[in-house]
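Please keep the structure in view while reading.

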Amino acid sequence: MKTVGILGGMGPLATSDLFNKIVTLTDAKDDNDHIHIILNNYPIIPDRTNYILGNGENPVKYMLEAALKLQVMGSDVIIMPCNTAHYFYKELTEHLTIPFINMIEETAKEIKEIDPETKKIFLFSTQGTYKAKIYDKVFENYGLEILRPEKSVQSVVTDIIYSIKKGDTALKNIDKNILTSYIESIEGKNIILGCTELPVAFDILGIKKNCIDPTKILAKSAIRFAGKNIIED
């Protein structure tokens, strides 16, 4: 069985969400039938969005340090539960000798596999992911156009992301109605939860309709790479 390395800490709760999804989606008879996972939760990595927006330190050297540790420790593949961090994907892979599954690419593949006729899709993400066009650059290769929410909705999304990052899992100050009303207003189109804090938050808020979870897609890709079967929903 192959070993999966998780480059985590961006943030820790999103990292544990990926780990949990791998475990719960793996078709296993007992403990010994699960996947060997090496988890490097490295929260010292500087904020990716701050750097992309010109307000912070370049995080790539910290990410590379974490990735190389996973490689040295025996990982056969690396996965990374942070959408914005995929801005550095190419730079990281140039220094690695093992595969690195691209969560953005896997999400595009899954969307087209589920509905080949899909042309446009909404994205909730960090401002860094928007500015760097992390999804746009990959999705255009699949004939997919990324749509962004209006500013009032994006403000709520940003508040949710950083609330989860600082451990505020109650989300009491978040206006859920803004999100649910917006989801209803876009005529049933799907929304990518393009920040790994968002699937965690949307579960807390009880919002599931028309949401695509890249963390779950990445978990399934890792399970397949490791040679195990997936428990389908």
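## The cavity lining

Two helices, α2 (48–52) and α8 (151–165), each supply at least two residues of the lining of the largest cavity, where a helix is a DSSP run (H or I, at least four residues) numbered from the N terminus. A cavity is a set of points, on a 1 Å grid over the protein atoms alone, where a 1.4 Å probe fits but cannot get out, and lining residues have an atom within 4 Å of a point.

The largest cavity holds about 70 Å³ of space, a volume being the space filled by probe spheres set on the points, which are joined across faces, edges and corners. Of its 13 lining residues, R48, C82, T84, T126 and K165 are the closest to the centre.

## Two domains

The domain assignment, which is automatic or from a database, gives domain 1 (4–102 + 216–226) and domain 2 (104–213), and each of them provides at least three residues of the cavity lining. Their C-alpha centres lie 20 Å apart, and the contact (heavy atoms within 4.5 Å) takes 23 residues from domain 1 and 26 residues from domain 2.

## About the model

This is a predicted model, in which local features need pLDDT of at least 70 and side-chain atom pairs count only at pLDDT 80 or more, while totals for chains, interfaces and linings use all residues. Residues are numbered from 1 along each chain as its sequence is written, and side-chain values use heavy atoms, with hydrogens and water left out.

Technical notes. 1 Å grid on protein atoms, 1.4 Å probe; cavity = no way out; pocket = protein on both sides within 12 Å on 5 of 7 lines; lining within 4 Å.
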